[in-house]
Amino acid sequence: FLSSESLESSESSTSRSSICGTPEHRHSRRTYFKMADDDDHTFEKAEAGASATYPMQAGEIRKGSHLMIKGRPCKCVEVSTSKTGKHGHAKAHIVAIDIFTGKKMEDLCPTSHNLEVPFVKRTEWQVCAADPDSGEVSLMQESGEIKEDLNLPTFVKIGEPTDEDKKVVVDLLAGLDSGKDVFAVVQAACGEEKIVSVKVNG
């Protein structure tokens, strides 16, 4: 026979154990299933990257689709599928261009394999000023928000600027020099940003 005090203590202990234990149990069970299912495990890894990417089967990639190759955000320019191997597993051959550097990238993988696809965002800003010597650019949105952490696209950290980068800079600077309204389209993905095109009004 337990005293009321002992009974309360026992119930309190049971309550604490179940509250603390349940999440651990759920977590371990979830981890087990993620490890047992490769596709889901890939999905969980992709989500862990601050939602910069999401999963898509390689067989669903089309020309114009975005995808990650070797950790870089790319845009598919060509995709073909072929059956190879003893069991005839279909494979996708993907040719893509790095959306920031313009570098050609390739990937070959089973069509059922999950690839990471980056979230790509484009925003339009009015160009207030640009320094062709330092590369510094000052941008502003209609809301009045100022952005000064980007450079002209010809000021690259990796590789060489593309012909498109050079054209963007020429058009941007010419528009400013002529006193026209210049708007820059900024592309963002995976923590990187870049001015990818300009519109000149007036």
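**Exercise 1.** Which strands does helix α3 lie across, and at about what angle does it run to β11?

*Solution.* Keep in mind that this is a predicted model. Start by finding helix α3, which spans residues 163–177. Next, see what it lies across: β7, β10 (181–189) and β11. Finally, take the direction: helix α3 runs at about 50° to β11.

**Exercise 2.** Work out the strand order of the five-stranded open sheet, and say which strands stand at its edges.

*Solution.* Reading across the sheet, you get β9-β8-β7-β10-β11, with antiparallel pairing. Now look at the ends: β9 (146–151) and β11 (192–201) each have a single partner strand, so one side of each has no neighbour in the sheet.

Then zoom in on one pair. Strand β7 (residues 121–130) and strand β8 (residues 136–140) run antiparallel and are joined by four bridges. Pick glutamine 126 and you'll find its bridge partner in β8 is methionine 140.

**Exercise 3.** Is threonine 53 buried or exposed, and what does its side chain make a polar contact with?

*Solution.* Threonine 53 sits in strand β1 (residues 53–57). Its relative accessibility is 8%, and the cut-off for buried is under 20%, so it counts as buried. Its side chain makes a polar contact with the side chain of glutamate 116, at 2.9 Å.

**Exercise 4.** Describe the surroundings of arginine 72.

*Solution.* First place it: arginine 72 belongs to strand β3 (residues 72–84). Leaving out residues up to four places away in sequence, arginine 72 touches Leu67, Asp98, Phe100, Thr101, Met105 and Glu192. Now check for polar contacts: the side chains of arginine 72 and glutamate 192 make one at 2.5 Å.

Note on methods. Residues are numbered from 1 along each chain as its sequence is written. This is a predicted model: local features need pLDDT of at least 70, side-chain atom pairs count only at pLDDT 80 or more; totals for chains, interfaces and linings use all residues. Side-chain values use heavy atoms; hydrogens and water are left out. Helices (H or I, at least four residues) and strands (E, at least two) are DSSP runs, numbered from the N terminus. A polar contact is a pair of N or O atoms within 3.5 Å; within protein, one must be able to donate a hydrogen and the other to accept it, and residues adjacent in sequence count only if both atoms are side-chain atoms. Contact means heavy atoms within 4.5 Å. Buried means under 20% relative accessible area, exposed over 50%, partly exposed in between (1.4 Å probe, protein chains only). Two strands pair if DSSP finds at least two bridges between them. Axes are lines fitted to C-alpha atoms, for helices over the stretch in contact, and angles run from 0 to 180 degrees between N-to-C directions.
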